[in-house]
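Hi,

Here is the structure I said I would pass on.

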Amino acid sequence: SKRVKLLSHIPLLSLYFQYIKRFYNESWERRYGRVIDEGTLTLLWSITVSIFSIGGLVGAIITTPIVKFFGRKHTLLINNVFAVMAALLMALCQLAGSFEMLLLGRIVMGIDAGVSLSALPIYLSEISPKEIRGALGQVTAIFICIGVFTAQVLGLPEIFGNESRWPYLFGVIVVPSLIQVGILPFLPESPHYLLLEKNDKSGAEKAFQTFFGKDDVSHELEESEAQRNVKLVSVLQLLRNRSVRWQIITVIITMACYQLCGLNAVSIPFQYVACNGSCLLLISIYMFSYLTVFIIFHFSGLAVERLGRRPLLIGGFGLMVIFFAVLTVSLTFQNHAYWLPYLSIFCILAIIASFCIGPGGIPFVLTGEFFQPSQKPAAFMIAGTVNWVSNFSVGLLFPFIQAGLLTFCFLVFAVVCLAGATYLFFVLPETKNKTINEISQAFAKRNKVTLEGQEMSQFPSERKSSEEQEHNFSSTLENGETKNNIL
């Protein structure tokens, strides 16, 4: 009778919805003397979920000037101020009787996430050799998923998932922030930042020696020194640059699919199981399976340097299409056979695993590989903007899509994954162990420019000055020949 009715009368988005709904009603009635209507409540909840992405967008935009002024490491350190502030606002919202504190806390937490997801890839791309560049990007995704899993475990009814303690789950955010504040100061700053922004050659040399594990880092210093006179490209200049047009399109589509593929929505059936008091054993199996899938498949994602980016991305999105289709069928006919709910559970875990294979971490790696160092800050800003706008769209629109389509809402995500896989199959070249010039050459034909034209567009001032020098030199020779003929 209470056997895993996964989506028949599903709550809107989260296990916590029932508690936050009551909190909204109480605050609204105390303030306005009436109960909030259902439509306003749905809209308010959608804003609560999606407003996190607005903060993320703000964080992504302000990252570029911050990392340039404070450095990569110190930006990550200062960013913990936002995390602590958000934790206090959200943890104390019920005590203060103000749902505005919850909304403000979500925005501030989004700013923290936006800065982190922009500054951290820049930092990692500048301290890692190209041989482990992709693997290091996957490690980031591993710990993001471990954090998600930890939050879900802490959200169980026996811990913080009840009406009296739910706000304190947000206060747990302080713990990882304090850990980061305690560890990060002992790590070196980015050697590129020390050399190019601070002119600290000895500090950059020590940082390279620490990160690369060798004494002779003269080659790395020379490569960084060569970038000293290169002027950073703005977002508008990058968008106008014809030589990277398809790289930008690929980053936009990949980051959009990363958020629109439906991974966040796929955990809703399990949350419904918990809400309806299904057997604790099933919930426990889900929790441990969730952790196992994330760790195993993300560590298998470390094979990205062995298998390459292209097959993992296309394969991951392709498998998600298949399992989303099977999940829709199993949820639609779940009452016709006792084993269909368990097939749904398998499909959900398989979708999570498929996401971990490639789409979970490779999009951030590609953004760092497609562009020259002078273009990377602008490229990460574009990628971050697409990422957070897509996240906002999912959070705002999914409750209404779910209410209208019920179990068929997962087919929307299947279409997104199919479109992403198809685009990547025809456009994305393999970037494993390739230099930026080799990757640019792979896109050159599609961009309808030659590699020389790409270099001219990337370094216009240098190219122009050399052309002027050549013209002046030729003029000098012609004048000399004229004088000789006169004599």
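Predicted model: local features only at pLDDT ≥ 70, side-chain atom pairs only at ≥ 80, totals over all residues.

Below is what I found in it, going from the whole chain down to single residues.

The mean pLDDT of the chain is 77, and 77% of the residues reach 70 or more. Among the elements, helix H4 (residues 80–91) has the highest mean pLDDT, 93, while helix H25 (residues 460–486) has the lowest, 42. Two stretches to treat with care are at residues 1–14, where the pLDDT is below 50, and at residues 459–487, where the pLDDT is below 50 as well. Beyond near neighbours in sequence, residues 1–14 have 47 contacts in the model, and residues 459–487 have seven.

Now the overall build. The secondary structure comes to 25 helices and zero strands. The chain has 487 residues, and 49% of them count as buried. If you take the contacts between residues at least 6 apart in sequence, 80% of them join residues that are at least 24 apart.

Next, the cavities. Searching the whole structure turns up two cavities of 30 Å³ or more. Which helices each supply at least two residues of its lining? They are H6 (99–127), H20 (362–370) and H21 (376–405). H21 gives the largest share, with five residues. If you want to pick out the lining on screen, it is made up of Leu117, Ser118, Met255, Phe364, Thr367, Phe380, Ala383, Gly384, Asn387 and Trp388. By class, that lining has six nonpolar and four polar residues, and no charged ones.

Is Gln259 buried or exposed? Gln259 is buried, because its relative accessible area is 13% and the cut-off for buried is under 20%. Its side chain makes a polar contact with the side chain of Asn391, at 3.1 Å.

- Phe211 is in helix H11 and is partly exposed, with a relative accessible area of 23%. Not counting residues up to four places away in sequence, Phe211 touches Tyr123, Ile127, Pro188, Glu189 and Pro191. Phe211 and Pro129 are 82 residues apart along the chain, and their C-alpha atoms are separated by 9.0 Å.

- Val174 lies in helix H9 (residues 174–183). At 22% relative accessibility, Val174 counts as partly exposed. Val174 and Asn80 are 94 residues apart in sequence, yet 8.6 Å apart in space, C-alpha to C-alpha.

- Asn199 is in the loop between helix H10 (191–196) and helix H11 (201–212). Asn199 is not a glycine, but it has a positive phi of about 55°. Why does Asn199 count as exposed? Because its relative accessible area is 55%, and exposed means over 50%.

Cheers

How values were computed. Residues numbered from 1 in each chain as written. Heavy atoms only, no water. 1 Å grid on protein atoms, 1.4 Å probe; cavity = no way out; pocket = protein on both sides within 12 Å on 5 of 7 lines; lining within 4 Å. Points joined across faces, edges and corners; volume = space filled by probe spheres on them. Helix = DSSP H or I, 4+ residues; strand = E, 2+ residues; numbered from the N terminus. Nonpolar A, V, L, I, M, F, W, Y, C, P; charged D, E, K, R; others polar. Buried < 20%, exposed > 50% of the residue type's maximum accessible area, 1.4 Å probe, protein only. Polar contact = N/O pair within 3.5 Å; in protein donor to acceptor, adjacent residues only side chain to side chain. pLDDT = per-residue confidence, 0-100. Contact = heavy atoms within 4.5 Å.
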